[in-house]
Amino acid sequence: MELILVNIIDGLVTGLLLFMLSAGLTLIFSMMGVLNFAHASFYMLGAYFAYQISIALGFWMGLLIAPIIVGVLGAGVERYGLRRVHQYGHVPELIFTFGLALLIEELVQFIWGKNQMPFNIPEVLNYTAFSVAGNSIPAYKIFMIFISVGIFMGLLYVLTKTRVGMIIQAALSYPRTVESLGHNVPLIFMGVFGVGTALAGVAGVIAGPVLGTFPGMAFVLGSIVFVTIVIGGLGSLWGALVASLLIGWLTTFAKSYNLAMSDIFNAIGISTPENMDDNIFRDLWTVTSPQIADILPYILMVMILIFRPAGLLGKRES
Amino acid sequence: MSNQLTTDPSKSAQRMRAGSMTMTLMPWILAAGALMLMPFIFTSSSALTIMNQMWITVIFALAYNMLLGQGGMLSFGHAVYAGVGGFACMHIMNASDFFASFPLPVLPVFGGIFGAGLAMIVGSFSTRSAGTVFAMISLGVGELIAASSVIIVAFFGGEEGISGDRTYAMPFFGNEFLQQINVYYLTSFWVLLSAALMYLWSRTPVGRMANAVRDNPERAEFLGYSARWVRYYSFVASGFFAGIAGGLFAINYEIVTEENLNTASSGVILLVTFLGGVGFFFGPIIGAIVFTLVQTVLSLQTELWAFYAGSLFLATVMFFPGGLAGLLMMHVPVFKLGKAKLLIEPYFKTLLPAAIGILGLCALVEMTFHFRHATKGDNEMTLFWTTFDSHTVLPWLIALAVTAVGLAIAKRTAPALKEAWSDANSAGEVS
Amino acid sequence: MSVPALELTGLTKSFGHAKIIRGIDLSIGKAERHAIIGPNGAGKSTLFNLITARFAPTKGTVKLHGEDVIGLQPYQINRKGLSRSFQITNIFPAMTVFENVRCALLWSQGYKYSFWNLVNNSRRLTEGADAILDQINLLERRNLPAGTLSYAEQRALEIGITIAGGADVIMLDEPTAGMSHSETDYITDLIMKVTEGKTLIMVEHDMGVVFGLADRISVLVYGEIIATGKPADVRADPKVQEAYLGAALEAEH
Amino acid sequence: MKKFMKLSAVSALSLVIGASAAFAENIKIAFIDPLSGPFASTGTNGLHQFEFAVDQMVNDKGGVLGGTNMEIVAFDNKISPKESLIQLQVAIDQGIRYIAQGNSSGVANAITEAVNKHNRRNPDNRVLFLNYAAVDPALTNDKCNFWHFRFDANADIKMDALTDVMVAIDDMKKVYIIGQDYSFGKAVAAAAVKNLSAKRNDVEIVGNELHPIGKVKDFTPYSRKIIASGADAVITGNWGTDMVGLGKSLIESGYDGPIYTYYAAGSGITAALGESAKGRIRLISQGDINPIGSDEARATYTAFKAKHPDGNIDQSRIFNVIGMLAKAIEGAGTADDVVAVAGQLEGMEYDSMWGGKLFMRPQDHQIIQNMNVGVHTNEGIEFDYDNSGFGVLTESTVEMASMDSPTTCEMKRP
């Protein structure tokens with residue numbers, strides 16, 4: 001029973017972290033129609049920049065400065081890269097971001113080398129907040145939850161309550177009209193791209209110390225972010241939140257409990273075959289839920305795309 | 001109506017067709033000749049291995065372009081079909097009685113059948129729409145199958161894959177395919193056959209409609225064609241040829257592993273195809289050749305090969321969305337107009353300094369890398385056949401100067417090139 | 001009387017709460033040229049889209065040659081002999097003019113999804129496509145990418161694609177929209193020529209074209225047909241005059 | 001254009017193939033391991049150790065066979081079996097007779113099969129495969145062949161030694177086994193179960209599971225489960241980021257027992273684990289580093305650090321590979337006849353500067369040596385890893401581990 005509570009907290013942390021990435025990605029998508037393959041690369045850059053800054057100025061300055069640098073870089077990528085490719089259509093845009101992701105990984109290796117960086121939790125937060133049945137919940141995880149919830153609230157406030165937010169929402173649906181009203185739509189696009197990537201940067205800073213800062217960190221997370229926004233519904237912020245939490249909990253619980261395929265088969269009345277070695281399905285019988293935990297989101301995505309192509313909370317079919 | 005059928009224009013069209021018949025056959029004859037002669041130029045078996053790799057990539061890239069270029073479907077998991085074809089062939093290789101009943105050159109057909117079979121299953125739900133939905137399903141299915149490759153050991157052999165021995169097949173005219181050269185000709189035969197079949201496919205009704213559906217699926221529907229089924233047939237055909245590539249891989253390396261179907265391989269084939277150019281049939285062929293050379297040959301020269309490959313790719317997407325083939329084909333009108341001469345001098349003046357400048361830039365990158373990562377005391381490095389000390393100022397100054405001067409000259413002369421380019425093109429349109 | 005080419009009964013379409021088409025009954029005979037007119041926003045294009053299965057109707061039936069076609073896909077309806085053009089030019093811009101027409105011929109010549117035939121080798125295809133090009137006066141533009149044609153030429157090509165499949169019911173959605181006078185005359189003549197002996201249903205704003213071409217006219221206002229009949233009768237109908245002019249005046253305000 | 005392409009292809013290919021023809025007199029060893037990509041740091045560090053070992057142990061001492069130098073030729077396989085086979089072909093074309101590889105048993109499998117086929121099909125230019133780190137037991141059992149020599153203890157031997165040390169701890173009652181979902185992870189798990197149940201039947205295995213390799217972002221759920229099981233010890237074969245992730249998350253989640261592992265040193269792992277894992281992680285290895293095995297070893301390590309300040313000698317067996325190969329070549333009197341060299345290697349006894357005796361078992365070409373179990377700490381460390389102050393301190397040694405262990409290998413000699 002206590003384990004369930006612990007898993008709920010762990011899943012929440014994973015889900016919220018995922019949300020910080022998917023929020024920016026879905027915002028960028030709904031605005032420009034571009035699935036940014038390099039989004040997780042900006043997350044990685046956030047972690048690396050923060051590590052570099054934290055050596056000189058400490059973790060907190062890293063948390064403050066690194067996302068800004070990432071956001072500026074992101075805006076630059078939009079201004080000098082994407083905008084240029086935009087004229088050729090969506091597929092080249094997607095492929096551009098794909099190439100960018102490869103290049104950023106190479107660049108990171110070029111600058112920082114291939115090893116994992118010793119980027120650690122700040123001392124202030126390096127204690128156990130509380131324990132549930134022998135399982136400690138580190139204070140840092142609580143801190144992660146607060147940061148992500150804070151960012152979500154801030155984002156929601158800006159998008160729904162401020163003038164800038166109104167313009168952005170309008171530019172999402174009617175770019176021409178907004179442009180003719182005298183707003184600089186390309187500037188808005190650049191801004192949204194910058195903010196979206198900066199959000200990914202924040203996620204990178206706070207995830208770097210716990211999930212590791214290494215050149216493969218973008219690849220590990222990259223495609224799962226897509227999966228999240230596809231499941232949630234492309235362009236839907238709430239959808240991204242729901243899908244992030246869903247994936248967070250789904251994978252956490254799948255890993256925490258050893259549910260074997262043979263149990264399921266037995267439960268529905270198929271008995272385990274006598275001689276496993278000769279059975280061509282032997283591997284299927286021994287599959288356990290932790291083994292497939294990380295591919296569950298993909299299964300979910302394919303199912304969703306088949307039966308509800310617009311996603312959980314999405315309105316449009318792209 | 002009937003009298004209209006004998007009007008002059010259609011007659012001239014017929015004549016054109018007859019003329020284009022030999023025109024279209026020419027490249028194939030040339031290609032066959034080149035394939036035959038290559039082993040006499042590059043005799044070592046490693047060169048043969050690299051060329052085999054190239055031809056396999058050519059087939060795979062062409063198959064991929066049936067989707068991306070001709071059908072407008074962006075797939076992030078196409079390696080799966082090649083991989084499954086390869087695994088199927090490997091299992092057949094290991095089923096010794098059955099394998100011994102037919103000669104080795106037939107084996108890739110089975111790879112094709114299994115590739116197409118998997119494509120039939122996946123395509124039944126993924127081809128309902130193109131665009132993002134298709135791309136995401138391909139990504140999801142790709143990840144699923146790649147992940148299950150380490151779980152389902154019985155078929156995929158886990159992380160070390162499965163291996164076999166190609167020489168147990170029925171001897172083919174006394175040939176047991178012991179040597180690399182035998183395999184080279186087998187691969188060459190298949191690359192020619194597959195490329196020809198894929199070319200012909202693009203000339204069939206369903207191939208033509210694939211283009212139509214790519215450009216305007218709705219209009220195609222109002223012409224009696226279901227966009228979904230057109231996509232489905234393209235998808236299955238693409239899976240078939242990808243499977244053939246996988247089968248050839250199995251024959252060449254006698255081992256297939258998880259890397260044959262993981263997402264990295266799927267990404268690479270996208271890169272290869274786009275680099276070569278999706279708009280032209282021969283684009284992926286160029287892409288496959290260039291990329292294989294970069295991967296196997298450049299990687300022996302520098303650890304940073306992936307960095308250069310990535311930069312090249314990004315530059316292609318940004319500046320030449322038509323890929324290398326598009327770059328080549330840009331010149332066709334110029335040649336047709338007989339104005340190619342106009343371009344020689346500006347090209348010389350701009351591209352040569354630009355190339356030198358870029359090489360200078362590469363030198364700077366390499367020197368930085370060496371300076372940062374080389375071992376202590378090992379200050380010497382060799383670049384462009386020159387050995388020097390990377391910890392002294394002079395080489396840096398030289399590299400910087402070369403880069404700056406090269407790029408500056410290129411920038412100065414670029415407007416003249418632009419002008420010459422428009423001259424060479426536009427003048428023709430007037431005449 | 002024989003079975004009508006197209007018969008609509010109680011056709012209704014709502015988007016959310018908005019009723020766009022409010023129960024239409026219409027019967028169009030074989031080889032009839034029928035025009036649908038009405039003010040902007042009357043639902044003309046929606047009606048077209050309902051008939052051709054671009055949208056599914058909320059209620060009602062559509063019968064093509066007496067056969068119910070509700071629930072079929074656009075391509076299935078097309079195979080039953082109904083072909084349409086679009087208000088916004090809808091061609092394959094990257095392909096050559098010739099290929100555009102040839103694609104339109106493939107299904108009707110029975111090639112289906114075959115991959116054992118080569119399109120270049122078929123004389124019937126080439127000659128058929130050239131014949132259509134000749135009809136629509138685009139033979140000279142044969143090998144140009146369709147996207148590079150002038151607007152009027154693209155409209156002509158669109159009509160060419162629409163008729164190429166040999167459908168006996170042709171639906172044209174504002175074929176002369178946005179054209180100059182001379183272009184309009186050219187297209188009108190073209191329509192006259194290519195729909196000889198076929199059923200034609202068209203939406204059109206240009207009254208000159210309508211009264212020049214149509215055998216019968218239906219007037220659609222706010223999703224309802226308020227009058228159907230011979231051009232002269234419709235013109236004289238006071239209901240039409242009032243509703244049509246009234247709505248037109250309203251639209252201008 | 002076609003001509004140009006051909007021309008560039010000619011020059012590119014001839015560059016590769018002709019590059020080494022000029023120094024034909026050296027005995028060349030092809031080093032086929034990842035030099036780019038995610039595993040490049042391990043590969044590069046291994047290459048440095050090979051290059052250093054060749055210079056230090058052979059060339060600076062006047063070479064072998066009365067003055068012939070050895071040379072390492074590096075090939076980047078990007079840890080891909082396909083690329084490895086291409087590079088193997090290139091190496092063979094360059095006249096190289098000795099192939100060294102270690103990272104990934106999958107690659108080793110591909111290479112050993114390819115070498116076996118090549119040697120059968122081309123008796124004129126046979127090659128030897130010197131496996132310095134791929135530990136899949138199958139390589140010296142079912143898949144063994146005459147051309148393959150393993151200089152590292154295999155997963156079974158390591159687990160045998162590791163469990164010898166573990167069973168001596170009396171209050172260890174519950175053990176949790178976790179590993180990556182592939183052949184190596186499975187081999188570790190199987191060996192752990194077999195050894196533990198054979199040596200201490202009162203030890204309960206409370207968990208035995210596999211997780212996807214390289215795909216787990218967050219190990220916390222696994223840690224929760226391990227803690228909930230009440231395990232006193234954890235055994236894992238994880239390496240790379242999977243090791244760091246598991247180790248860190250276990251400790252952060254409140255697990256307070258020891259973690260027994262294979263690969264938790266060097267390549268940034270020691271630095272990343274740092275203070276938090278002090279005294280918690282124990283690993284099985286060979287070669288005495290702390291305390292160092294001999295003065296010669298101390299001098300070697302010091303010289304290596306002077307040359308590669310960022311490097312580690314985390315694979316001291318590489319020096320054994322070079323030492324034993326040099327000895328075998330001297331014994332055979334030739335470097336060209338690999339059958340003769342292989343004959344010398346079979347059954348060779350060798351005194352390693354890293355302490356202890358080495359024996360190349362002739363029946364399966366598996367090396368037998370002393371195995372150490374060490375602890376991750378910063379106390380009593382002479383040679384640290386990753387310049388982090390932390391290193392591995394040997395706690396106990398199993399002499400000539402698994403000397404008489406059975407093998408299913410049926411060696412076919414030419």
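Me: How many residues of chain C are in contact with chain B, and how many of chain B with chain C?

Reply: In this predicted model, 34 residues of chain C are in contact with 31 residues of chain B. The elements giving two or more residues to this side of chain C are helix H2 (74-79), strand S6 (82-84), helix H3 (97-106) and helix H4 (123-135). H4(C) gives the most, with 5 residues. By class, the side of chain C that touches chain B has 18 nonpolar, 11 polar and 5 charged residues.

Me: In what order do the 4 strands of the open sheet in chain C stand?

Reply: Strands of a sheet pair through backbone hydrogen bonds, in either a parallel or an antiparallel manner. Here the order is S2-S1-S4-S5 in chain C, with antiparallel pairing. Strand S2 (18-28) and strand S5 (67-68) of chain C stand at the edges; each has a single partner strand, so one side of each lacks a neighbour in the sheet. Strands S1 (residues 6-15) and S4 (residues 59-64) of chain C pair over 5 bridges, and C:Glu7 stands opposite C:Lys63 in S4(C).

Me: Which helix lies across S1, S2 and S4 of chain C?

Reply: That is helix H1 (residues 44-51) of chain C, which runs at about 65° to S2(C).

Me: Why is A:Ser131 classed as partly exposed?

Reply: The class follows from a count of neighbours: partly exposed lies between the limits of 12 or fewer for exposed and 20 or more for buried. A:Ser131 has 13 other C-beta atoms within 10 Å, and is therefore partly exposed. This residue is found in strand S1 (residues 128-132) of chain A. Leaving aside neighbours within four places in sequence, A:Ser131 is in contact with A:Ser136, A:Ile137 and D:Gly254.

Notes
Residues are numbered from 1 along each chain as its sequence is written. Chains are lettered from A and ligands numbered from 1 in the order in which they are written. This is a predicted model: local features need pLDDT of at least 70, side-chain atom pairs count only at pLDDT 80 or more; totals for chains, interfaces and linings use all residues. Two residues are in contact if their C-beta atoms, placed from the backbone, lie within 7 Å. Ala, Val, Leu, Ile, Met, Phe, Trp, Tyr, Cys and Pro count as nonpolar, Asp, Glu, Lys and Arg as charged, and the others, Gly among them, as polar. Two strands pair if DSSP finds at least two bridges between them. Axes are lines fitted to C-alpha atoms, for helices over the stretch in contact, and angles run from 0 to 180 degrees between N-to-C directions.
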